Amino acid sequence: MKVSKPARKTAKPLSPGGKSPAAPGLRARKQQQTRERLKRAAMALFLERGFEATTIDDIATKADMSRRSFFHYFASKEDVVAAWQEDAAAALVAEILARPADESMLTAAENAIAAAVKRIDPAEAAAMSRLKRDNPALRARDQLKYEKLEQALAEGLAQRSGRKSDRLKARLVAMISTGAMRVGGESWIGEGAREKPEAFVKRTFDAIRAILT
């Protein structure tokens, strides 16, 4: 009788530390899904009714949950907008780390920003920009967002380089890139958001290179 060999196990990919990456537990996944549902409900209402006209009860109702559940995930309406911005920053840093090693820091930042904005609905991004522009509380949060984004970009660029000597360069490129996003975004809205965001990113970075040369 022929004995079958035991099935060969496929090795799981290891994390940089040499351990298999731990998948998030069921509870953590459900919490993340609930948070995302609240965030999507809030953003839809903000764009439809305006920030001031939308109440926390409105958001909870649209997300089919209680007001108490909202406060389990967010302290205020402003925090929902901040969470949306933080998620966008995390995605941008991930794009930075994924860029080819032979790209310069500035080119990597440009291409990462262009890749990130391709996944954004231009109409939604334009509406969100106007929403923040017209609300003092959101404008203040927006300034803080750029400070955090600059720091995250600098850390991502430095990590991508892996050389301590490049940390100052990473901070400078992050500062330039963050400024390009802020000024470019304002110009994009000012021009009626007619151009594709990724095309506007290229035009903005072309202008930066023209200044630096």
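**A close look at one residue**

Modeller: The side chain of Lys39 is joined to that of Glu36 by a polar contact of 3.1 Å (N or O atoms within 3.5 Å, one able to donate a hydrogen and the other to accept it; residues adjacent in sequence count only through two side-chain atoms). The model is predicted, so local features need pLDDT of at least 70 and side-chain atom pairs 80 or more, whereas totals for chains, interfaces and linings use all residues. Numbering runs from 1 along each chain as its sequence is written, and side-chain values use heavy atoms, without hydrogens or water.

Lys39 belongs to helix H1, residues 26–49 (a DSSP run of H or I, at least four residues, numbered from the N terminus). With 6% relative accessibility, Lys39 is buried (under 20%; exposed is over 50%, partly exposed in between, with a 1.4 Å probe and protein chains only). Leaving aside residues up to four places away in sequence, Lys39 touches Val80, Ala83, Trp84 and Asp87 (heavy atoms within 4.5 Å).

The nonpolar cores come next (buried Ala, Val, Leu, Ile, Met, Phe, Trp, Tyr and Cys joined through side-chain atoms within 4.5 Å). The largest has 24 residues, of which Leu92, Leu157 and Phe205 touch the most other members. Helices H4 (77–98), H5 (105–118), H7 (136–161), H8 (167–190) and H9 (197–212) each supply at least two residues of this core, and H5 gives the most, with 8 residues. A second, separate core of 19 residues includes Ala42, Leu45, Phe46 and Phe51.

The aromatic rings form 3 pairs (ring centres of Phe, Tyr or Trp, its six-membered ring, within 6.5 Å; stacked under 30 degrees between planes, edge-to-face over 60, tilted otherwise). The rings of Phe46 and Phe51 have centres 4.9 Å apart and planes at 50°, so this pair is tilted. Phe46, at 1% relative accessible area, is buried, and Phe51 is buried at 4%. The rings of Phe70 and Phe71 are edge-to-face, because their planes stand at 90°, with centres 5.5 Å apart. Phe70 is buried at 0%, whereas Phe71 is partly exposed at 38%. Together with Phe74, Phe70 and Phe71 form one aromatic cluster.

Charges also sit over rings (NZ of Lys or CZ of Arg within 6 Å of the ring centre and within 35 degrees of the ring normal). The charged end of Lys77 sits over the ring of Phe51, 4.5 Å from its centre. That of Arg182 sits over the ring of Tyr146, 5.7 Å from its centre.
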